Amino acid sequence: MSEGDSVGDSVHGKPSVVYRFFTRLGQIYQSWLDKSTPYTAVRWVVTLGLSFVYMIRVYLLQGWYIVTYALGIYHLNLFIAFLSPKVDPSLMEDSDDGPSLPTKQNEEFRPFIRRLPEFKFWHAATKGILVAMVCTFFEAFNVPVFWPILVMYFIMLFCITMKRQIKHMIKYRYIPFTHGKRRYKGKEDVGKTFAS
């Protein structure tokens, strides 16, 4: 490969200033994401705060209802992926060659693995809110619509989608929420110790 052929290289073979700037910016962003990982409650409070600010902005501007509707549909899709198992049990039911989720009490326990992990759900939801917020600064995205119809359609879509998801959970017997590791009670120690 000749000099300057790789991506981000300048004529002299060194990375360009722009490439180094955006690489460094990406590293700083990833560092902040890594530091925020253990603080689940704080991350979600910040995201809820951002969505509250977004809703106030839309209410005060009296517009951008299509953007808000698109944001709601995006969040609904993220939520469904968050509630769904990584491997769909309905696909595993048809094939007899592989393992499936346990359906009886005496079968092997397998933990619930989400299609969309919590951190990625939070990250995508927050980015969606920020993109929608940026869209409210451009008049081109302010399409005039009768907003009550959008609200009713979203409520209908939410109810139908959640009904289907809950039926799927009941049929394949999985619960997408766990409360930590299951603890078992052992036998109580009633004997004397050898050291006494």
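Trainee: What makes helix α3 and helix α5 roughly antiparallel?

Mentor: Their axes, which come within 10 Å, cross at roughly 175°. Axes are lines fitted to C-alpha atoms, for helices over the stretch in contact, with angles running from 0 to 180 degrees between N-to-C directions. Angles under 35 degrees count as roughly parallel, over 145 as roughly antiparallel, 65 to 115 as roughly perpendicular and the rest as oblique. The two helices are therefore roughly antiparallel to each other.

Trainee: Which residues make the contact between α3 and α5?

Mentor: Contact means heavy atoms within 4.5 Å. On α3 (residues 65-83), the contact residues include Leu-71, Phe-79 and Phe-82; on α5 (residues 118-135), they include Glu-118, Phe-121 and Gly-128. By class, there are twelve nonpolar, two polar and one charged residues. Here Ala, Val, Leu, Ile, Met, Phe, Trp, Tyr, Cys and Pro count as nonpolar, Asp, Glu, Lys and Arg as charged, and the others, Gly among them, as polar.

A word on the model: it is predicted, local features need pLDDT of at least 70, and side-chain atom pairs count only at pLDDT 80 or more, while totals for chains, interfaces and linings use all residues. Residues are numbered from 1 along each chain as its sequence is written, and side-chain values use heavy atoms, with hydrogens and water left out.

Trainee: Why is the pair of Phe-82 and Phe-121 called stacked?

Mentor: Rings of Phe, Tyr and Trp (its six-membered ring) pair if their centres lie within 6.5 Å; planes under 30 degrees apart count as stacked, over 60 as edge-to-face and the rest as tilted. For Phe-82 and Phe-121 the centres are 5.0 Å apart and the planes are at 25°, so the pair is stacked.

Trainee: And what makes the pair of Phe-79 and Phe-121 tilted?

Mentor: Its rings are 6.4 Å centre to centre, with 40° between the planes. This pair links distant parts of the chain, with Phe-79 in helix α3 and Phe-121 in helix α5, 42 residues apart.

Trainee: How do you know whether Phe-121 is buried or exposed?

Mentor: Buried means under 20% relative accessible area, exposed over 50%, partly exposed in between (1.4 Å probe, protein chains only). Phe-121 has 11%, so Phe-121 is buried. Phe-79, at 28%, counts as partly exposed.

Trainee: What places Arg-114 over the face of Phe-82?

Mentor: A charge sits over a ring if NZ of Lys or CZ of Arg is within 6 Å of the ring centre and within 35 degrees of the ring normal. Arg-114 lies over the face of Phe-82 at 3.9 Å from the ring centre.

Terms used: Helices (H or I, at least four residues) and strands (E, at least two) are DSSP runs, numbered from the N terminus.
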